[in-house]
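Welcome! Here is a short briefing to read alongside the structure.

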There are 2 protein chains.
Amino acid sequence: MPLTKPPALKPFDTVAVVAPSGPFDRESFDAGLAVLRSRYDVRLGEGLFETARYLAGSDERRTAELVDALNNPEVKAVFAARGGYGAMRVLEHVSLPRLPHKALVGFSDLTALHAALQTAGRVSIHGPVVTQLGKQSAAVAQQLFALLENPSPPPVLHGQPGQVPGQVQGPLLGGNLSVFTRLLGTPFMPALTGGILLLEDVGERPYRLDRMWTHLKLAGVFKQIAGIVLGDFTLCEEKDASYTSADVLASLVQETGLPCAGGFSIGHGEVNVAVPLGTRVQLDATQGTLTFLEGAVSA
Amino acid sequence: MPLTKPPALKPFDTVAVVAPSGPFDRESFDAGLAVLRSRYDVRLGEGLFETARYLAGSDERRTAELVDALNNPEVKAVFAARGGYGAMRVLEHVSLPRLPHKALVGFSDLTALHAALQTAGRVSIHGPVVTQLGKQSAAVAQQLFALLENPSPPPVLHGQPGQVPGQVQGPLLGGNLSVFTRLLGTPFMPALTGGILLLEDVGERPYRLDRMWTHLKLAGVFKQIAGIVLGDFTLCEEKDASYTSADVLASLVQETGLPCAGGFSIGHGEVNVAVPLGTRVQLDATQGTLTFLEGAVSA
């Protein structure tokens, strides 16, 4: 599958915000929108603030909004308002790889859209959603804008060395553990062979992390990938437990025998550094670094 | 795949209790054990009460306990102490269809073992775990004993008619929604074609029910099965929500277009009627009944 990258953005380009997942808090959204508007001309669809139970409006609305943003020639990139849940449901209604390729920015529930794009070799951006952007430091926003505008590789990221040392290279895959594992056994799981699997999550108790990880194991994922990168696992502790989610993750990583580095500021924590999914990276589990071998966008 | 049934039990037969999943409360266990001991000669393994984080001891201990119980010629059936989490991990360490076929009784996390047995055409018993048995009425225990001892079909079960009417026949599949969907894309998912899918769950918020259901959908399960039977969905409500888990399940069922009946007393509620997995049943979604076309055990 040949790799394709979305076109680079320029400051003041027109971009769209879409809500393919859950409804969101207006205050957090407005704070993030202000950050986005400091750099781009941002368009919001009419139905963006709709709510249908735990979804940001009906499947039809959310799908049409995403399709319209990708099809509109004036729109140069698409940002997700918030995660939550709902992107998986959109996959049933539209084949994303048949639409124009533009930078799609988001994480968490948006992992489903990234994965679907990656099945067709399309690079996609694992980065802050709008409701998160206003709570991040200015540096995070600057790094996101640089990733979207500059075709050269972003700076190396520093995490913690893993128990299993080693250096491996491969395309960066994954995102949210809960959402990524919900694509196992479906046509929306990208090719895993030789990949570096990024995982992060929020609000999942340790036994649930184990259950999802064991799903990956039983599905043969750890026999296919080359290494593992762990982002933040936020609010994943069991109340009154004698063990932490980090203890559990350390055991699970050890069982795979794969090079792994953790502690990267990627996910639901205070810093969510944007990274390109689909591009080649080098994981150094001995040093605890993630080096990007290419940029996210085409010149 | 030819169907095989475990041999029928007799009163006072020797049976074993095993804990392949999570650790458990001793008081609930003792109450259930008393019920079991009213009918059978019950053996407990030495390590049954071990705890390792959220597991009832190490994978090695839990696996060996299950293997020993199945291999021991004196033991005629195997009962699970409790669900929780951990049975999936055992699947990595032992091929259950290579061991002697005995009635295996449990539900919830034990869905993983039932599914693995069903991949080899083995009938298995979706019924109360020991920690639940003491809280059930005497009628539930009597019905479980009858299912294990009597090769004829158990009595018809009455639920509620579904939105999509129709009568369908097929082998009964499934169990716990969370656990069953964790087998998608793995070798432990039984053949689905023409099956009647039983689903129940506990402690899953509505958007999570939707996410698991959508996983089944994206994996093509609803194109393969013939009908759906819903048991109890216990403690599955969202706090302060304007919708219930029943509303969400009704929408999800409607989307499949499959005959479905719900409200069966199967799962984590006050009554958990034992049913055989793998045997042929008739679902009448118009009447809301589940008719068993054969028994669980061989004469």
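Which residues does A:Q118 touch, not counting residues up to four places away in sequence? They are A:L172, A:L173, A:P190, A:L277 and A:G278, where contact means heavy atoms within 4.5 Å. This is a predicted model, in which local features need pLDDT of at least 70, side-chain atom pairs count only at pLDDT 80 or more, and totals for chains, interfaces and linings use all residues. Residues are numbered from 1 along each chain as its sequence is written, chains are lettered from A and ligands numbered from 1 in the order in which they are written, and side-chain values use heavy atoms, leaving out hydrogens and water.

**Around A:Q118**
- A:Q118 counts as buried because its relative accessibility is 12% (buried means under 20% relative accessible area, with a 1.4 Å probe and protein chains only).
- The C-alpha atoms of A:Q118 and A:P97 are 8.7 Å apart, with the two residues 21 apart along the chain.

**The largest pocket**
- A pocket is an open set of points on a 1 Å grid over the protein atoms alone, where a 1.4 Å probe fits, with protein on both sides within 12 Å along at least five of seven lines; lining residues have an atom within 4 Å of a point.
- The lining of the largest pocket has 40 residues, and nearest its centre are A:R82, A:G84, A:V202, B:R205 and B:Y207.

**The second largest pocket**
- Lining the second largest pocket are 35 residues, with B:R82, B:G83, B:G84, B:V202 and B:H268 closest to its centre.
- Its lining includes eleven nonpolar, twelve polar and twelve charged residues (nonpolar: Ala, Val, Leu, Ile, Met, Phe, Trp, Tyr, Cys and Pro; charged: Asp, Glu, Lys and Arg; polar: the others, Gly among them).

Conventions:
Buried < 20%, exposed > 50% of the residue type's maximum accessible area, 1.4 Å probe, protein only.
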